[in-house]
Structure formats: C-alpha cells, structure tokens
Amino acid sequence: MATKVSKVLVIGSGPIVIGQAAEFDYAGAQACKSLREEGITTVLVNSNPATIMTDEGIADVVYIEPLTVEVIERIIAAERPDGLLPTLGGQTGLNLAVELADAGILDKYNVKLLGTPLETIRKAEERSLFKQLILDIGEPLPESVTVNSVTEAKKFAGKMGLPLIVRPSFTLGGTGGGIARTTGELEQFVSSGLAASMTRQVLVEQCVLGWKEIEYEVMRDAADNCITICNMENMDPMGVHTGDSIVVAPSQTLTDKEYQMLRTASLKIIRALGIEGGCNVQFALSPSAVVAEKWAPDQLDKTPTPQYYIVEVNPRVSRSSALASKATGYPIARVAAKIAIGKRLDEIPNRVTGKTMAAFEPALDYCVVKIPRWPFDKFASGDRTLGSQMKATGEVMSIDRSFEAALQKAVRSLEFGKRSLLWEDRSWKKDGDINSFPLHPNDLRLWALMAALRRGITPVQLAQHTGIDPWFLYKLNNIYQMEGRLLSEPMNPDLMRQAKRLGFADVQIATLADSLPEQVRSIRKNWNIRSVYKMVDTCAAEFDAETPYFYSTYEQENEAFPIESAKAVVIGSGPIRIGQGIEFDYCSVHSAWALQKAGMKSIMINSNPETVSTDFDTSDRLYFEALDEESVRDILENEGLPSPGLPAPPSIVQFGGQTAINLSEPLAHHGLPIIGSSNETIDIAEDRHRFEDFLDNLGVPQPPGAGVTSLKEAINVATFLGYPVLVRPSYVLGGRAMEIVQNEEQLIRYMNQALDMDRQHPILVDKYFEGKECEVDVVCDNKEALIPGIMEHIERAGVHSGDSIAVYPALGLTAHEVNTIVDYATRIGIALHVKGLMNIQFVVMRDQPLGSSSIYVLEVNPRSSRTVPFISKVTGVPLVQIATNVMLGKSLKQQGYKAGLCSEQNIVGIKAPVFSMSKLVGVDTYLGPEMKSTGEVMGIDTTYEAALVKALMAAGLMLPDKGTLLLSIADHDKAESLPIIRDFYAREYKFYATEGTAAMIQQAGMKVNRISKKLSEGRPNIIDLIQEGQVSGVINTMTGERSPLRDGFYIRRAAVEKRIPCFTSLDTARVAVRALAKGSKFYNVKPMSQYVVREK
Amino acid sequence: MDKKAILALEDGKVFEGYLYGSPGTAFGEVVFDTAMTGYEEMLTDPSFAGQIVVPTYPLIGNYGINEQDSESKKVQVSGFVVCEWCVVPSHKRSSKTLHEYLAKNNVPGLYGVDTRALTRHLRSRGVMLGVLTSEMTPNQALEEIMKQPRYGNMDFINQVTAEKAYDWEDDDTADSSAMRIVVLDMGMKYNIARLLAKQGCKLHVAPATADADYILGMKPDGIVLSPGPGDPALLDYITETVKTLVYKKPVMGICLGHQLIGRALGATTYKLKFGHRGGNHPVKDLSTGRIYITTQNHGYAIDASTVTGGLEVSHINNNDGTVEGLKHRDLPVFSIQYHSEGAPGPQDNEYLFKTFLTMVKDGK
C-alpha cells in the first residue's frame, strides 16, 4: 500500500430488505471495531437505526442519514476521510462507491477507495466486463449475452433454446431476474430486470439446471496472499438462488480433486480481480450420475476434474461471508477491514485460537446446515416457487457432527410453530405418487421430500426428479428409517442415543414412540443420554482455542464447563422474519453488553448466522442453538453449577421478541429462573381475557369487542359496535390474519372464510377506531416507569405499527393527551409488575370537541419492541441497558433516572418502513393490519419537514419535484383525498386517474387524464402507463375487498415492479406532498452526537 | 447393529465404537489429520504406514472410493478411525464404499467415535501407540500395546518403497530431449510423479535402497527425494546416499526427503508432539514474505538451530515457527517439509516442481 490512511468512511447497507439483511450490520460493526483497533478514526453512515453499527461506541463518528451521493458528499466534505470502505455495506455500499467515483467526488476530496479497486467493482458487476475477465484467465462461463432489450434476449433464446436465466447487473439478491422457461417469462424477466438494473442491462445466460451449486469464500491481501475460508454446497441444485437454498458447509459430495479444482479457480479469480479483502465465488459443478442421466446427459463422463462453470462473483463481503464466518469461526469482515488498510494476513492475529494468525484455512470438524426463512407464513398468496430471485427474509444455521442432526436442529430453529420434519401438509395424499408432492423448488420442498420417502418413493427417484444429489436424499432416508424404528421398536438406550445423534428432538421421539416429551427427556437423562457441547475453533481441535463458541451434539466429551461466576443467559430472537427483525437482535446484543458492564458474564443463545449477537466476541459465551424449550433447557442445565441452589443461571426473555417471550412459560413451569417481568406478568398481557379484566380493573379503556364462533354472533357484535370493525382469528392459522371490515357484506365474506379454516377457536371482533396511533416503550422497575419518548404514527390505526411511519416527539398530541398516555403507561407498568421493558400502543380518538379526546390501549407487549433501537437513538436513552440493570435489581432511581416522560430532545426523528415487495411476486402491497415491511430507515433533523424528507428519501418514497401521479381512490376516501390532490396540483403535478377519481378531480376544477379502469377494456390501460414509465408515483386506496384479482392489486404490483412510490394510505401521501421540493439545502447532514444530547 | 470395537491408547484411554472395514486388530501410532476432503488419498499415503489415522472431519466416505485418486498401490494406514462413514456414497466415479475398500485391503476401521475428543486427547498428550481391535477386551488391548515395538524405533521404508526400480508409465509426452528425473522412493505419492510427468519429465523411480552409484548411473538431470514414513534418524543408509547425491546433481527433497537432506548436511531432527497433518498449514517463504497454504503430513522436523553445511532455512511454519524449507547457498539443492504435490490438499505449491525443473535446466 502506497499511502497509510488514518480516517476511514464506512458505508452501511441501509434498511433490511430481502437479499440484504442483518449480515451487513454484523460485517460493518466488526469492521469498525477492527479499524479502531488499528488506530484508525472511523466515520460510519447508514440510514438504518436498528443496527449495532450505528450505536455510540462502534465507530468514532456516526451518521444516520439517507444513503445518497449527495448526502455522502456532504459527509466527506465535513469529515475529510482519506479512505472509503464500501465493501462491507453490501450491494448498496458498492453501488454508492461507484456513483461517488463517477461523480468525481472521491477525486475531489482525495479519498482513496479501500478494499476493492473501482475497476474490479465494475468488472465483477458489469456482466460484459466480467465475462471478458473470466475468459481472459481461462475459466469457464456459461454461454451468455448481455442485452439492453427484450428483442435481443429473444434472439439469444432462438439460438440457445429455453430455459434461460436472466440476471440484471448491479442488483442484490437477484432482483428482477429469474429463470425463464417460456417466451412469456423471458419477456417478463428481461423487462423487470432492465428496470431493476442500475445500468439498464441484463445478462441472459445458459441455464445449467440440476448441476451442483458450490460456493467458495476467499480472501486476499495486498501482498497477494490468498486463502479460502470455507466452501459450501447447496442442497438445492442450480436453479435456486443461493440465498434461498439449503446450504451445507463444508461441501459433502466433492472429491478432493474437485474441491481443489474449484478452490484453485476461486483464487485465480480473486487475484485477477485484484481484490484486497473478501470475495465470494459461485460455481455450477457437473452433477452426480443419477442426476446427470435426467438433467444433463452429456455429463456422464467420469473425469477426475469434471466440467464446471463460474456462475457469480461478489467482490465484497456478502451474506455467504457472514454464513462462512459463523460456520467456521473465522471473522471475515474483521480481517477484510484490516486488509483494506494494508495489513497482511500473516500479521493479523486469529482471535479465535489466540495463538495463530489469520493466514490459514479453517478446518471444520462438524457439519453446518443453513435453511432460509421465507415469509410465506405471512404472505399466503405469495408465489412460493423459488428461483433466481431471492425471497427469504432471513436464515437459520445449525451445527452438529452429523448432517441429519444439523438439518433437524435447523428445522427446529425455523420456529414454524412446532413443525418438525414430521410435518406434512394436509393436502398431501397418503397414497400419493411422486407427482403429487410439491417437489419443485419451493419453501415446503424439504417436508415434501420426507413425505415422498414415507410413501416409498426412493432416494434415487427423488434425485432424478429434483436434481438434488442422492447423498442428501439418503441422509433424509436415514431420518425416515429412524422414524420407522421409533414407531415400531421398544425404546432402549441404544435406539435413544441413535435417534438423538440423528437430531430427533424429544418432541419428535415422543410423537413417534407414543409418549410425552417430558417422559422422553427424563428417560434419556436416566440413561445418561444428554447433549454435550463442542467448540467452534477454526482448527478442528488442532490448537487449544479460546473461543467461547459452542454447539450441541450427542457424543462423549463436553467442552463447555459451566462458567463459574455470576452470569445470565440472553435468549435471542432467531431468524429474521417479517414482524421480528434485526431490532430484536439489537436488543439482545445490548443486553449482553449491559450484563458485562454490570460485572456479570453474558451467555447468548441464538440460531441466526447473520447477526451481531452470534459474533463470537459479543458475549462471554455463545451457544449456537435452536431457540426451543428442549435446547434452552439443555443449555441452562449445562450451565448449572453443582453447588446447591444454582441448578441453572437466570434467563432474560425480554429482548428476543416473541421467540424468547414464548419460552417464559415453559422455563417458569420447570422452575428455571427468569429475571425481569415474571411469567405471570407476561401471561396477563398475552391472555386476552385476563388482559381485558386487568385493564377494566385499572380503569384504562380499550376498544370494545368480543370473541364470536358463528356468523350470526359476528353480525350481532359488529352491529352493536358499529362498523368498521377489526376482525382476526384468536388462533392464527396458515397466514390468515387481521382485517378491517367496513360493512356487513365484508364481514360475511371474512367470517365464512375464517370459519371454514377453523371452527374451534373464536374469531375476535373489535371496534375499529380510525384514530391517531401512538406508541411508547417503557422501562419499569416495579415501582416507577420511565418513558423516553412518545412516538406518533403518521398512518392512522389499522395500519400495522411496524408498517407505519413513526414520529418522535409526538408533535400532534395535546399536553392532555401526552399526560394521559404517560399516566396509562405508568399505571399499567406498575400494576402489571413489569420489570424491564414493555411497549404499549394507543389510539387517540378526537371525535369529541377538542380537549376531550379519548385514548384507548390497543396492545401491551411485556417485552422489548421493534421501536426500541429507534427511540433509544433519538432520545439518547439506552433503554436496553437500563432495563437489563432493572432486571439485575438496580432501580431506575439507583441508575439515576427520573420516573415519567423524559424531556424532549430538540430534534425530530422519523422512522419509515421499507418493504421488499419487488421480490415477492403475488403479494399485495397495501398497508393494513398485517405487517409487511422487512426493514426501516430513520430521518433525523431539527425540523419535522427536514426529518420527513430524509426519512422518505431513505425509504425510497420520495417523489420527484415535478411529475405525474396515477390516482385511484376508493369512494370512502375520496373526500379526504381532495386536499392532498390539490397540494400536488399546486406543485404542478399532472394526473392520470381511474374513472370515479377522475370525475372528482375534474369537478374540483383540476386537469386530469381519465383512463379506462378495467384492465380488460383495451389498451393502453393503467398498467401500461406504469410500465412505460409515464407516472412517477401512485396513490391507490383499498376498496375493502382484497382479492388479488382486482385491478387495484395489479396497479400496486406494477408500481412495485417499476420501483415507483405507491401510497395506499392517504396519510402517507399527505406527508409525501409536504416533503416535495424542499431541496437539499433544506436538511442537515450531521453526526448523531450533534443531534441528540445524551444526558444522564 | 455392527460389531463393537475399540481403540485403546497406550496411556490407558479407551474409545469405544463399532467395527467397519476388515475385522481384526491393528497397532499403530494414532495420529489425527484435519483435511476435510481426500480420505482416499490419505488412506493410500505411504507416509501413514504404521499409523492409525483419525480424520477430524466427522463425515467420511461421502463420495465413495474410486481407486483413481489413490496415491499408492494399497491402503497404507494400519487403521482408520472415523466419527461416521457413509453407507451410501454419491459420486459418479465411486466404485465402492469406504468400508468395502478397507475390507478388501484387510484394514480395520472404527466408527461412532467422538473423534474430536480423541483429537483433543492426542493434542494435549501427544501422539502415542494404540490398538484398534474388534477381538480384544480393553485390558487385553492395553497389555498387547505394551508388547509392541515403539513407532520411533521402527523402519517402515521397506513396507512402502518400490520393490524394484521402474520407469513411470505416465510420461508419454516426454521426448528424447526431456529431462530425466530419478525419484528416490521412500514412500512416493503418485501425484509427485504425475505432476513431474505433466511437466514433460522422463521419470525413473528407484527403491529407497538404491545407492548413489545406481542413481547417478541412470544419468539423471535431477533427483527428487520422496516423502515417507517414520523417524529419519533411523535411515542413515539413505542419508549416506543423499550425502553423495547433493554434491552431484540438483536435488529436491519433499517431507522425509527434506529431513534427509538436512541430516545429510549435518542438521538434526526431532519429534513433534502431535505433528502437522492436514491441508491448511500456512508456510512463509522467508525470501518473499509470501504465505502458502500447504498440505502437511509429518511427525518429525528439522531443528532450526542445527541447520548447517551450507543450508539455510528458506520457509517456516507461520503457526509454530518450525522449519518448513531448506535451501543450499551454493548447490542446486532445496527441500520442503510440506507436500508440493497436495493430494489431498491445495494445489498452490505445485509451482515448486517448476522451480525445481528450472534449477535442473539451469544446471544442465
């Protein structure tokens, strides 16, 4: 390296979206820590407040600002860093680096691009350059062509035939691409790919379906030292995005010749690209003979070095790097950051062994399985087929000494209720043939494979049908055969031990062997069959390592002796899914740190490889395990000290979302200590009846409602309450959930469907108050309550709080309303005996004369919530730390906090949701009571407007200064929409509108283009307008009916696919127009420390 | 359920498991290897003669046995202890299972063992003698171990060297102008010959007992001293030969060959506590500072403080600083403790054969 850098700007990856998730918080946080160790001043920018990296203490200077060229230029101008590290912020970071360089900003301020040269980013991302580079070094690529139009793509298809794979340049998670099996699909994927690509280019490529998919994680330093960290094999063969594949590490079916062949190719590529840091290379490798017979008949030859293709190269730290880091213990991001500033691999210590250096290749002595977590439990109507476009929101990883056990533990970690591999869909036939199971790539395929084996379909038949390597199917077959033995053989220690070694949970064994899980547990303990814990040490036990990173298995030796000082267990939040995102990992991490600050040892349990909580140095000890009753109890027992009275350390269940809180009951039941709110407190808040009684006794109002079990009852209740009402099942099944119904007709439709699904559990019908929604996060110590701030939602109640834009402080509330909220929150907290955190949602109704509004409690969650990171950041109050201290017995007063509402910061913070709808075909995007967003961004500034502009910018909801809107407004919203439309008109916006809406606009004296409403009534129709890029935004409110066949659905989907803002709530549209034409001078770009005053 | 079997170690520790491969009893020094792939290469590596090998990776046999990837003509390990062996392997080149292969070669295997616990035991206590048996009780086994000769006192070379000299068949690309290389076979891995042949050499493989006259009589342009099993201190009869060769021809030594070059010129060797066995060991080239990831399989090493006779240390292990390479200041002689032929393991060090051949060419 020519010049030493001393101040480095690190770009984060922005909000969590499908394809770019918590792994970049992990990478960025690790990188900042790593750079600071080297004496480098770090400046971090990210728009996502729910990240550890944006916390005080990770980087020297933190900006939570929108990730745009303009904003980053202002940061560079103010901070004058001499280096920019973009390779840890995912595709977002990389794309921004290219844009900053292209705009001449890096040159202007003399900022050196670290890690990956600009040329390399271009080469790896721009398909034509990449192709040339790979061909130049003599490595094989599938036949492909880069096209700028659908016509060119069709021409290539004429030559190659179908299927073909469509890959847009510069996108993440394969956005906009797909496997085209028909000409229609080819047209669709190429046009959506062109829209998604930053360079308006897509690659159309020969499709090697059925080939093995293998990945390598490689690193290189400036001295040209190259190593591979890990290789991974996808159980799902080529054709499924690696983010949507079940992946094992290391590879299982590769000979050493093949392993080394691909390893050598990976090193050749990282050298040719000149990357200084980490890189991910994906290969297609010739399949097994059984699969080749059907999928690739030309691949039956038996050469030691079979054919392979390079399918993809990511010249940066990626999701796979996070997985590889957790799978091996090798901290890729940490090392990559040091390499970027000129360190050599042999100079960087391996913190895991504490003895060796980073220049080596990890050796695994276990098998790692990753399974993606898909959102189809939330989006029942979504297309569950998996292809080249990633759909998973998160993933779980598990480690064991056999593949079967690792797989079964990973299934347990998915937290689909109690769905083990024994689960079968009710529609799967008992005598079905191979074609009757969903064996095409989809989220249920693993279970379908098991079902097929149970019907006598052989592993070889399944391999030929699916392209999955027979090795995996024989392993599934081992699981199936053990099921048979457990069903038929009398239980004995040998059988029990073998079942446990194959990863059978006590619950599964109980189901099969016809007993109760608790009986299985006690029998096996009598037989001394208990889990032992082995260390992830990067070196297969060759060196005596220092990492406190463990996994369970059923073997002889236990390496995890109980920690012998004061300690507590933090139960993590598992895979990232819609409704339980990175926010909960954030809280878990802070709780672990708070324990350490309080002089305790922290023990973390989690199953998510993407996150900071599962970094080996976040807590004093990490158990990488499923978050279910069995594994948590096993760990607690393992940590128990033999001295009397300490059978297990206390657990903290408040920070890991619903996952952790759900464990409070079983833990309490078995006498395992919980610190913080008791199980009783949790139960009152979660049990609807108890909670109603509780609020009644307390004199705190909540919306009236009742549980009903028949249509007649439902109509009676709804009539009594008055429409609209909020309806939901008391027991959620298969993704059917809440709806707001406006009239009896809609109620009948909902009830008929709901009763069809489940007649046993009542349907809840509540009065729906269309008022202002507010929420608070509260810390209570059983005597007093501390409320850092009130958040007011921009969307009225009825839009899920996680999908609402939230504003701090609550600017629209009267002093009386604020006082009422504080009063209710304090009383609830104290009466519920909350020790730690809780979140309360309120609705404020003002139909009465001003000053006499009513406030109702919608929900109380006796745990840390999604808004904790946001509110902690904007108020400067470290909520999780305070709550953890409360749990340890230190009152608010002792911690120096006054009860009640904290004094307001002199800023406005706005949290806006971010969706991943473009990835989820078939999912309606309207905002409703069911949560749909995957991530969040924050805008913070000294004024409301400025904060709003930044929040919308960061969320991708900002409309251009001048443009054209497409309007289609439901009748019951028309009157309310008019002032908003007028505001847009005043900004010289042009309108297209559907018939009724157009009539209204015209009547109001504004110009509008009327368009034929029905898609079936000729062209150009609404969808054409959107697809042709004639409109810059859409406002579409729901008519109430949510059938996906209606025009509104197609309008919303078209907007999503075209990546233009689509407002389905007038409340959001209202603020969007307010944010228009403010210009960049209008907002500040300042570090967090200058916005928020931290007091204590 | 398979038959129970045990691995008993000389310190009294016994690991229970089940038998696979051939029934019977095998003695050997128990060593672990951290390579995650390449069990066929491992099994057939002559340097493992006299040893019971424990791969640390738990799932062994996944892709079967193809007998194309073998590194010698038979299974060389005396026993093979795994966590799990794969009953139904999957690979288009596979012709038999690991179990069938061991059975055919009369080598017993033990599975169902907590191989990590075993590895940790060997790491902290050092490698030691053991017996893998399906026939003895633990007590009998421990008694029998005590009667066995110590590994360090045994010369395994005659078990693994070529019975008589031969020309490597695979060199059809070599023409009359090709360089002639003699490999002194003390347990040569096929891949050494394959890679040299690929470089266009004509190869003659000489048994370890061949004397300098015979070797020089073959009129070689260069000589490769192969890897092999056991304590180099027992091999003075070969060391004497090496002492002559290094002054006459360009010589490359690999593993045991490296140790013998060191010894021939005056250095001493010593036994490592648990050796280096695996495919991930970082080696630093002291002349460039570059790091190479290497395959290693050795239990003895050159004592750096004794290196003399014009030799200097050219490479060291980046983990523990042990000697990984020697170079002569004046003579065209160099050696490496690791395996430039990989197999199993990285191909990163194949360049050393080119380095050697360049040296040979320059000396021609």
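First, conventions. Residues are numbered from 1 along each chain as its sequence is written, and chains are lettered from A, with ligands numbered from 1, in the order in which they are written. Since the model is predicted, local features need pLDDT of at least 70 and side-chain atom pairs count only at pLDDT 80 or more, while totals for chains, interfaces and linings use all residues.

On confidence, the model scores ipTM 0.98 and pTM 0.95. Chain B has a mean pLDDT of 96, and 98% of its residues reach 70 or more; pLDDT is the predictor's confidence in each residue, from 0 to 100. Where pLDDT is low, the predicted coordinates should not be read in detail.

Now the interface. Helices (H or I, at least four residues) and strands (E, at least two) are DSSP runs, numbered from the N terminus.

Next, chain B. Its domain assignment gives domain 1 (4-153) and domain 2 (157-363); such bounds come from an automatic or database domain assignment. The C-alpha centres of the two domains of chain B lie 27 Å apart. Their contact takes 24 residues from domain 1 of chain B and 25 residues from domain 2 of chain B. The elements giving two or more residues to the domain 1 side are β3 (25-33), α1 (39-43) and α3 (115-125) of chain B. Of these, β3(B) has the largest share, three residues. The domain 1 side divides into nine nonpolar, 10 polar and five charged residues.

Back to chain A, at strand β1 (residues 7-11). Four of its five residues are buried, meaning that 20 or more other C-beta atoms lie within 10 Å of the residue's own, against 12 or fewer for exposed and in between for partly exposed, with C-beta atoms placed from the backbone. β1(A) pairs in the parallel sense with strand β2 (residues 41-46) of chain A over five bridges; two strands pair if DSSP finds at least two bridges between them. A:I11 has A:V45 of β2(A) as its bridge partner. β1(A) also runs parallel to strand β4 (residues 83-85) of chain A, joined by three bridges, and A:V8 stands opposite A:G83 there.

Further along, five strands of chain A form an open parallel sheet in the order β38-β37-β36-β39-β40. Its edge strands, β38 (1009-1011) and β40 (1062-1063) of chain A, each pair on one side only. Strand β39 (residues 1033-1036) of chain A pairs with β40(A) over two bridges, in the parallel sense, with A:I1035 opposite A:F1063.

Last, one loop residue. A:G138 is found between α6 (127-136) and β6 (144-147) of chain A. Is A:G138 buried or exposed? A:G138 counts as exposed because it has 9 C-beta neighbours inside 10 Å. Its C-alpha atom is separated by 49 Å from that of A:Q556, 418 residues apart along the chain.

Terms used. Two residues are in contact if their C-beta atoms, placed from the backbone, lie within 7 Å. Ala, Val, Leu, Ile, Met, Phe, Trp, Tyr, Cys and Pro count as nonpolar, Asp, Glu, Lys and Arg as charged, and the others, Gly among them, as polar.
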